[in-house]
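Thanks, everyone. I have one structure for today, and I will go through it element by element and then site by site.

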Amino acid sequence: MEELQTPVLDNHLHLDPKRGRGMEAVEEFARLGGTHLLIVNQPSWKLGVDSTDPEDFRPVFETTIGIVEEATDHLPGRAWPILGAHPGLISRLVEDRGCSPAEARDCMQGVLDIAADYVREGKALGLKSGRPHYDVSDAVWDASNDVMKHAFELGAEVDCAVQLHTEASEDLTEVAEWAEDRGLPAHRVVKHYAGGRLAGPTPSVMSNKDWIETAAESGEPFLMETDFIDDPDRPGAVLGPKTVPRRVRWLHEQGYDEAIRRAHVEIPERVYGIDTESTLS
Ligand SMILES: [Zn+2]
């Protein structure tokens, strides 16, 4: 165990104990000094869910909650689940299942309703939504925005943060306004896979050195993530589970201790209401 003397949170990753590295990845994270994880459910199709009935998505969430419980046993801190519908699902529903964009929207909003139930019951920490990062028709784009707005309504209702998967952007102020209009403060909207700077939501910065340094320098709120996907078919597609603790050590060597506190204590508290210090054993 390499002591970093601080909580170290990876704000967005996925684990697939059946096909991928699962708890081995969690142990690797912890060995390098990682303490807390936000584990996002895998895209439903990866778990073989090919349905338009939101109820059929419950097993995806139950699987994630089980993984979170197991991961917590391997961490000096703990893990929490983030549940929702991957924005790419809309294309699968429209192109593969023959849904209209409106039918796909209704299905995905229903999936989010179920995810919000888990938050309401205290079984999940936040919601996951967004819109495709690739080109889609206007109808699919509009339907995706409606799904995201529904996620903001639910976030306001159950009092939780909403993680977003969106196109690459340094300005999502319009999206943050949609959240504010529905009663969800902009800072509780988190753009996953963000670069070093972002207007609007809170950026969850991909832990490349350049982006992390930009965020640290900025003095602005940020979180750190890897988007590790734990997919044996796509090794190296994203950053590995060691990356966040390694970058935290690097930030410390560069004298960015204030930024470490910001990304791993203050902003997690502000965005999610979690206390990464008192949950450290
Ligand atoms: Zn992800």
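Residues are numbered from 1 along each chain as its sequence is written. This is a predicted model, in which local features need pLDDT of at least 70, side-chain atom pairs count only at pLDDT 80 or more, and totals for chains, interfaces and linings use all residues, while side-chain values use heavy atoms, with hydrogens and water left out.

Helices here are DSSP runs of H or I with at least four residues, strands are E runs of at least two, and both are numbered from the N terminus. Buried means under 20% relative accessible area, exposed over 50%, and partly exposed in between, with a 1.4 Å probe and protein chains only.

Now the metal. Which residues are the protein donors of the zinc ion? They are His-12 (NE2), His-14 (NE2) and Asp-227 (OD), at 2.0 to 2.1 Å. Donors are N, O and S atoms within 2.8 Å of the metal (3.2 Å for Na, K and Ca), and water is not among the atoms, so the site may look incomplete. The sequence spacing is H-x1-H-x212-D. His-14, in the loop between strand E1 (9-13) and helix H1 (23-31), and Asp-227, in the loop between strand E8 (223-225) and helix H8 (243-253), are 213 residues apart and link distant parts of the chain. His-14 counts as buried because its relative accessibility is 7%; Asp-227 is buried too, at 9%.

Asp-227 turns up again in the largest pocket, as one of the residues nearest its centre, along with His-133, His-165, His-192 and Tyr-193. A pocket is an open set of points on a 1 Å grid over the protein atoms alone, where a 1.4 Å probe fits, with protein on both sides within 12 Å along at least five of seven lines; lining residues have an atom within 4 Å of a point. This pocket is lined by 32 residues, and strand E6 gives the most, with 3.
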